[in-house]
Amino acid sequence: MSNIRIFPRLEIPETLAAGPGPGNTDARVLASFANAGLADHMQADVLRGMVECKEMLRTVWGTRNVYTFGVGGTGFSGLDCLFSAILPGDEVVAFTNGTFSGLDGLTIRMKAASREDLSANPLDPRPANVTMVVVPHGQSVTAEVIDPALADRKPKWAFMAHWETGSGRINDLRAFSDACERHGVLGLVDAVSSLGIEDFDIDDFPGVVGWASCPQKGVLCLPLTYAPVSFTDRYIDEVKANGCYSYVHHPLLEARHWGIADGKDVPAGSYHRTHSGYAVAAFHEALRINLQHGKAQKARDYAHHERALREAVSAMGCEVTSNMTSLVVLNLPPSLAGREKELVQACRARNFGIWPTLSEPVQVRIGILNQLSEAAITEIVTRFAAAMNEVGAGINLASVTEGLRGYYKKLMAAE
Ligand SMILES: *Cc1c(COP(=O)(O)O)cnc(C)c1O
């Protein structure tokens, strides 16, 4: 008995989540989560909620793909479902340019590995049938890299991240989709960081047959809910014909929860996993918020506020190397080079959650998920400038905030 330990109730402080993700979940989403009644996964409103989520998700993705639904878990849960169609021995070309596409590449190598490949290197298999095309951190994956690789290898599958959050770079989705079509390749895309931020419709990219995103970034539904996925009929035909080595992330079996079977919408409600009514209610509200904001307006708002942050940190002497609109990835001024982690730690100690890059080179990442207001950006800029000054940057805070005010005023006048 004496070694049983009951810890005090866990208290988690409110932080300013100003990193690549997760973003601050909207109070409406949290209220939906907390106010849902206790109901099992077969209760009529829970089932109706899942069907309505499915329909809203199709609008968020911009698709008529019937196989559009949520996979319970984090972004990598949706990605695991997406990659489940890749079987041992399949030829794959994977383009990577940072932390997350790198981890996707690892997932792909695990799926495509033979038993021999796996036992030779269980945590990092290197099957010869997977070609990794590594684009340096800080650069985008472009047509010049994509087309020759697909023309040369003629793989069955190709993979790319749409927005690589590790380095803050947007990759050329148009070139990827076109090259997949041209070379008869099945394209798979990690849209974890772009869905709910960028204004795009996946049906405009027919070379891509499978997509996966996450609950915590653009969709903003962290109370761990659903990773949105969408599959074309072409993708589904592959899984129908060849199967996959997963029960829980099986694209056909998972779709049944959401009322999708045999390529069409059917009544929801056949058991194989216990969905949470709380999660369904939260996810439903997050999707409603996304649609109420409007895809085009939301994309414009992100671009507008990202530019404000970019100009402010540039005025502080930082060099921005990213081009995503939800995140700024920067090099500190030369005099502070090498102190990135120290700076980030100091901010995090004050509940100001910014991030370093997770792979080399070390840079600082500041995100604006759900921080779309002048007040919120000013708060982020002020706190970052104060932290910079503590390590001796000597920034004139008044002139930085004045510049920020000027930016917002100028744009308001132009509207
Ligand atoms: C955040 C992110 C992931 C991982 O998402 P989790 O929710 O942490 O599992 C994967 N890919 C990209 C591009 C991301 O930005």
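A search of the whole structure, which is a predicted model, identified one cavity of 30 Å³ or more. The volume of this largest cavity is about 50 Å³. Its lining is formed by His41, Met42, Leu47, Met50, His257, Gly269, Ser270, Tyr271, Arg273 and His275. Sorted by class, the residues that line the largest cavity comprise four nonpolar, five polar and one charged.

The largest pocket has a volume of about 510 Å³. A total of 20 residues line the largest pocket, and those nearest its centre are Thr15, Ala17, Pro22, Asn24 and Leu222. In terms of residue class, 10 nonpolar, eight polar and two charged residues make up the lining of the largest pocket. Pro22, one of the residues nearest the centre of the largest pocket, is also part of a cis peptide bond, which runs from Gly21 to Pro22 with omega near 0 degrees. Pro22 is located in the loop that joins β1 (16-17) to α1 (27-35).

For Thr165, a polar side-chain atom is placed 2.3 Å from an oxygen atom of the ligand. In the case of Lys217, an N or O atom of the side chain is 2.5 Å from a ligand oxygen atom. For Thr74, the separation between a polar side-chain atom and an oxygen atom of the ligand is 2.8 Å. The ligand taken alone exposes 380 Å², and 90% of that area is buried by the protein.

Backbone geometry was also considered. Most peptide bonds are trans, and most residues other than glycine have a negative phi. Besides the bond from Gly21 to Pro22, which is cis, the peptide bond from Glu360 to Pro361 is cis, with omega near -5 degrees. Pro361 lies in the loop between β16 (355-356) and β17 (364-367). A positive phi of about 60 degrees occurs at Asn351, although this residue is not a glycine. Asn351 belongs to the loop between α12 (340-349) and β15 (352-353).

Key:
Residues numbered from 1 in each chain as written. Predicted model: local features only at pLDDT ≥ 70, side-chain atom pairs only at ≥ 80, totals over all residues. Heavy atoms only, no water. Polar contact = N/O pair within 3.5 Å; in protein donor to acceptor, adjacent residues only side chain to side chain. Areas by Shrake-Rupley, 256 points an atom, 1.4 Å probe, with all protein chains shown as cover. 1 Å grid on protein atoms, 1.4 Å probe; cavity = no way out; pocket = protein on both sides within 12 Å on 5 of 7 lines; lining within 4 Å. Points joined across faces, edges and corners; volume = space filled by probe spheres on them. Nonpolar A, V, L, I, M, F, W, Y, C, P; charged D, E, K, R; others polar. Helix = DSSP H or I, 4+ residues; strand = E, 2+ residues; numbered from the N terminus.
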